[in-house]
Amino acid sequence: MYLLSNLDWSPLFISLQTAVVTILIVFFLGVLAAWKVVQIKNEAYKIWIDGLLTLPLVLPPTVVGFVLLYLLGNNGPIGYYLVNYCGLQIAFTWLATVVTASVISFPLMYRCAKAALEQVDEGLWLAAKALAMPEWRIFYRIILPNAIPGLLAGASLAFARALGEFGATTMLAGNIIGQTRTLPQAIYSEAVSGEMTTAGWYTLVIVFICLAAVISVNWYVYRTRKHKQD
């Protein structure tokens, strides 16, 4: 109990804030991107677009972090403009944790959303188009409700991935105590300094949160399917 009372909880708060903001961003962007890709008729073009959107998932996180640091660093092509003309610094701030987590977790949300949307009966969409329903209404009233279980599964995976992001975050956001240090970074820092007990407590916290997120979504999907069967 003494250890818990003296534990620095700032990495937990930073990680949770980052993961919540990230999932709000990648959920809508992932679903929108998946919807647009599903509608593409040219298979060669679809393959290329799908590959580009999935790329951050297969690249090493440090490579993604380096690219982001190059682009968004204070002297980078985008970062320089943001700092000098917009007064917005991203590198080595809390915003950097959101940016890196969003880029890394986006492909998970996108691919789950794409799979969920592809499983919706195309006849429903075509029938709605035949009735001259606008595209946004077709998506909101027909496609989205039928794809909810898959979308929630993607959201839980993206949330857990954002919570556990380490490599790219370290590159772009650094490991600043109380500002950008997330739970994975805290675990690494404590383990390196020999504080294995503290690192173990941080590990238990992040395992509990990720497991709770996945189980909650699985339970919701199970209850939804059981309700439909009844």
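**Notebook: buried ends, a core and a bent helix**

I started with E165, which has 2% relative accessibility and therefore counts as buried. The scale I use calls a residue buried under 20% relative accessible area, exposed over 50% and partly exposed in between, with a 1.4 Å probe and protein chains only.

A note on my source: this is a predicted model, where local features need pLDDT of at least 70 and side-chain atom pairs count only at pLDDT 80 or more, while totals for chains, interfaces and linings use all residues. Residues are numbered from 1 along each chain as its sequence is written, and side-chain values use heavy atoms, with hydrogens and water left out.

**Salt bridges**

What does E165 meet? I found its side chain in a salt bridge with R161, at 3.3 Å from N to O. My cut-off for a salt bridge is a side-chain nitrogen of Lys or Arg within 4 Å of a carboxyl oxygen of Asp or Glu. R161 is partly exposed, at 26% relative accessibility.

I counted 4 salt bridges in the structure. Another one of them joins K114 and E118, at 3.1 Å from N to O. These two sit 4 residues apart in helix α6, about one helical turn. K114 is buried at 12%, whereas E118 is partly exposed at 44%.

I also looked up E43 and K46, whose closest N and O atoms are 3.8 Å apart in their salt bridge. Helices here are DSSP runs of H or I with at least four residues, strands are runs of E with at least two, and both are numbered from the N terminus. E43 is partly exposed at 47%, but K46 is buried at 13%.

**The nonpolar core**

In soluble globular proteins, nonpolar side chains tend to be buried together. I take a nonpolar core to be a set of buried Ala, Val, Leu, Ile, Met, Phe, Trp, Tyr and Cys residues joined through side-chain atoms within 4.5 Å. The largest one here has 43 residues, and those with the most contacts inside it include M109, F139, L151 and L163. Among the elements giving two or more residues to this core are α2 (10-39), α6 (94-118) and α11 (196-229). Which helix gives the most? That is α8, with 13 residues.

L151 touches F27, V31, M109, A113, A116 and L144, leaving out residues up to four places away in sequence. Contact means heavy atoms within 4.5 Å. I noted a second, separate core of 11 residues too, with V64, I104, L172 and A173 in it.

**Other stops**

How does α8 run? It bends by about 65 degrees at I148, with the proline P149 following within four residues. The bend is the angle between axes fitted to the seven residues ending at a residue and the seven starting there.

Next I checked V98, which lies in helix α6 and is buried at 7%. Beyond its neighbours within four places in sequence, V98 is in contact with T18, V21, T22 and I25.

F27 and F28 have ring centres 5.6 Å apart and planes at 90 degrees, so their pair is edge-to-face. F27 is partly exposed at 21%, while F28 is exposed at 56%.

Technical notes: Phe/Tyr/Trp six-rings, centres within 6.5 Å; stacked < 30°, edge-to-face > 60°.
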